[in-house]
Amino acid sequence: MDISFTTTPKLEALRREVRAWLAEELPQQFEGFQWDFEEDPERWRFYREFWKRQGAKRWLEPAWPREFGGAEMSPREARVVREEFERRRAGGLAGIGMLVGPTILRLGTDEQKAAFLPGMAAGEIMWAEGYTEPDSGSDLASLRTRAVRDGDEWVIDGQKTFCTAGHHCNWIIIAARTDPDDTKRHKGISYFLAPMDSHGIELRPLLNLADGRQNLVFLDGLRVPENRMLGDLNQGWQQVWFGLGGQPIPTFESNDPGPDEEYELEPTGQAWVLDQLVQYCRATTRGGTLLSEDAVVRMQLTDLAIGVEIEKMLQYEGACAYGGHLHSAITKEFQPEFAQRCTEILGPLGQIQSGVWAPLAGEIDRIYRRSFGNHAGGTSQVKRMVVATRSLGLPR
Amino acid sequence: MAIDLTLDDHQLLVQRSAFEYFQKRYPPYVVRDIEDGHVGYLPDGWQEMAALGWLGITIPEAYGGTGGSFLDLYPIYEEMGRFLVPSPHLDTVAIAANTILAAGTEAQRERVLPAIADGTCIVSLAVVERDGTFGPAGIACTARPRGGDFVVNGTKLLVGYASSADFLLCAVRTEGDPERDGVSVLLVPADAAGISRTPIPNIAGNALYAVTFDDVVVPGENLLGPQDGGWPALSEATTRAAVLQTATIVGAARAVLDMTNQYAKDREQFGSPIGRYQAVQYLVSDILIDLHRADLLAKQAAYRIDAGKDYEREAAIAIAFGKKAAAHLHRQAHEVHAGVAFIVEHDLTLFSLRAKYWENNLGDARYYQEQLAAAMRI
């Protein structure tokens with residue numbers, strides 16, 4: 001067994017470079033941006049430029065090959081870059097490029113790689129998701145959007161929904177039925193790539209509970225050239241959704257002789273929020289008692305710490321590449337619990353969203369509202385059904 | 001830099017041996033037989049564990065052990081949980097031997113450690129008293145210095161295997177002021193005059209005793225660690241032991257999961273295996289989720305102890321969660337089994353009743369959450 005993070009003088013030099021760049025390029029008021037949960041025009045304007053500058057440093061996709069806009073960094077180097085961006089709570093590139101990029105690397109034609117990857121690594125291409133339909137959520141394989149071949153084009157008709165931040169993205173990846181036989185379900189689905197401003201795509205806003213904007217997407221005679229199909233005809237479910245097949249994604253080895261020195265990771269995500277909450281409780285009195293000395297609050301805070309620690313261990317385990325559905329089930333179920341427990345600690349003032357009376361500048365309010373978006377990527381109930389049937393072999 | 005959450009090849013080998021040995025040696029009827037007596041373990045089994053080298057794993061070679069690592073104990077504790085092996089291993093090896101190694105004099109080490117390793121010495125932990133607190137606040141037993149000796153008076157509760165013990169590892173109050181720590185640890189010879197033992201009926205059928213000390217004279221050389229300052233070393237050992245107890249909970253949970261999952265597949269109601277109903281699928285998968293989380297946390301804590309890193313925070317998290325998981329997962333298993341496991345002859349009952357012991361032994365979840373709060377500087 002080993003759970004340790006080590007660094008080298010060379011890695012620390014990289015860290016200093018990233019840190020100095022961020023100190024210069026990321027003013028404090030733009031920290032904590034989440035593309036899927038905000039619409040503030042000023043912050044969006046800032047980040048559209050910020051991502052391009054990050055891309056110019058090759059730090060959006062540092063582990064990609066140079067020809068596609070990456071820096072050919074080793075996993076350790078890329079990790080250092082990521083740690084520094086997380087430490088400053090810099091907003092990640094909008095859209096689902098983190099899913100589309102690796103899929104294009106694996107399955108894309110050479111022409112597709114050249115057409116998309118450099119633009120993604122430069123912060124210029126952002127991908128909207130066109131999978132979910134009004135009648136196909138958890139049961140995605142029942143989708144009804146249809147693509148019909150017409151010469152060297154596909155003509156797509158149908159409707160997508162819950163397309164998060166689609167109005168900010170300039171490309172969309174669409175799952176459509178390419179086999180006329182509806183009963184084939186997941187065996188008749190292919191994936192297409194289309195510019196968002198195409199004739200035949202129309203968006204209508206769906207404002208969500210957590211300050212984000214999702215969209216209805218109407219696809220009406222959308223024409224997509226055949227070279228914009230990603231993966232093979234009717235194989236999209238296995239290849240894109242389940243990430244199977246294609247070429248292995250290139251990884252780069254570092255030439256860094258060390259010496260290695262151990263270091264502690266700084267808290268990010270939920271661990272960072274918990275730290276903030278602990279500090280708040282150490283400085284806040286309620287009913288004459290410091291919150292951090294209240295026996296119930298101490299139990300609530302330590303309950304949170306246990307849950308956050310489990311999430312950390314699951315991430316580490318994910319890094320060793322086993323686990324799978326069990327992970328997502330556990331993580332899904334913890335998120336709402338985390339949010340609820342945080343609000344219980346804050347009490348009535350937790351309702352205040354902004355201004356001088358808002359505890360933690362309204363962070364817990366935002367976390368709480370976002371926790372109702374916990375279904376994204378599959379509901380916890382679906383994840384549980386998968387655990388029960390796949391991991392435990394219980395009957396369907 | 002590495003993340004590797006698997007035991008090494010040697011430890012996996014130990015795990016397989018432990019699985020095979022315990023499976024053969026401790027079938028449920030043997031566990032039930034042991035429950036019916038007052039000894040609480042199999043003396044022959046204890047000798048066999050000594051011969052396998054499992055009593056001296058963490059004892060240095062100079063004291064008759066094999067000088068292995070703390071993590072080497074993890075798989076053994078996990079398998080002891082899977083087969084509910086009743087044994088004084090936790091008190092004797094994990095707690096007493098560790099405390100003596102950490103705080104004992106050379107003479108104490110030489111006297112006790114080789115005997116523990118070769119299976120001729122059993123030590124029982126005696127901390128909890130009538131108010132039920134695990135920790136200095138609950139210790140009222142007094143040890144009054146007289147000449148070079150101590151005179152011990154009071155009653156300890158829930159002392160395991162007391163009828164077989166050679167020594168009682170006893171936390172006593174040597175300082176009159178209860179506001180101060182004032183706790184010392186004595187290695188009391190179990191045959192000293194003035195000691196009496198009464199078996200305590202208990203939920204898990206363990207060999208737990210009330211041990212009363214009536215003017216028991218203990219030689220000064222049996223003081224373990226500093227006078228009035230014995231608790232920290234003992235607490236360190238009990239925390240480490242509680243991490244191993246979490247491995248036991250994990251092992252037991254694996255058996256409970258196998259049993260429950262199988263039942264959900266076999267039992268048919270309304271024309272279908274009950275495991276097809278999602279309400280039941282939730283219950284069964286709860287057990288898998290609980291044990292997976294407890295295992296990750298306990299392995300991390302054991303790894304940190306083993307690697308000589310700070311472990312207070314991680315250990316407290318693992319132990320507190322493990323105790324809550326023990327309560328929850330056995331409840332879910334009973335929900336699935338319903339009537340059939342309400343009957344004592346069902347083996348699930350052996351597990352679920354012991355869960356209550358694990359929840360409380362060496363302190364409850366709340367105790368460890370307080371330790372965690374301290375480690376987080378809350």
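Here's a quick briefing on how chains A and B meet, plus a look at one residue inside chain B. Keep in mind that this is a predicted model. On the contact count, 37 residues of chain B meet 35 residues of chain A. The biggest share on chain B's side comes from H8(B), which puts in 14 residues.

**Chain B's side of the interface**

**Strands across the two chains**
- Strand E1 of chain A, residues 2–4, pairs with E1(B) in the antiparallel sense, and three bridges join the two.
- Within E1(B), Asp4(B) is the residue standing opposite Asp2(A).

**A closer look at Ala294(B)**
- Ala294(B) sits in helix H8 of chain B, the helix that gives the most to the side touching chain A.
- Is Ala294(B) buried or exposed? Ala294(B) has 25 other C-beta atoms within 10 Å, so Ala294(B) counts as buried; the cut-off for that is 20 or more.
- Leaving out residues up to four places away in sequence, Ala294(B) touches Thr246(B), Ile249(B), Val250(B), Phe321(B), Gly322(B) and Ala325(B).
- Ile317(B) is 23 residues from Ala294(B) along the chain, and their C-alpha atoms are 9.4 Å apart.

Note on methods: Residues are numbered from 1 along each chain as its sequence is written. Chains are lettered from A and ligands numbered from 1 in the order in which they are written. This is a predicted model: local features need pLDDT of at least 70, side-chain atom pairs count only at pLDDT 80 or more; totals for chains, interfaces and linings use all residues. Two residues are in contact if their C-beta atoms, placed from the backbone, lie within 7 Å. Helices (H or I, at least four residues) and strands (E, at least two) are DSSP runs, numbered from the N terminus. Two strands pair if DSSP finds at least two bridges between them. A residue is buried if 20 or more other C-beta atoms lie within 10 Å of its own, exposed if 12 or fewer, and partly exposed in between; C-beta atoms are placed from the backbone.
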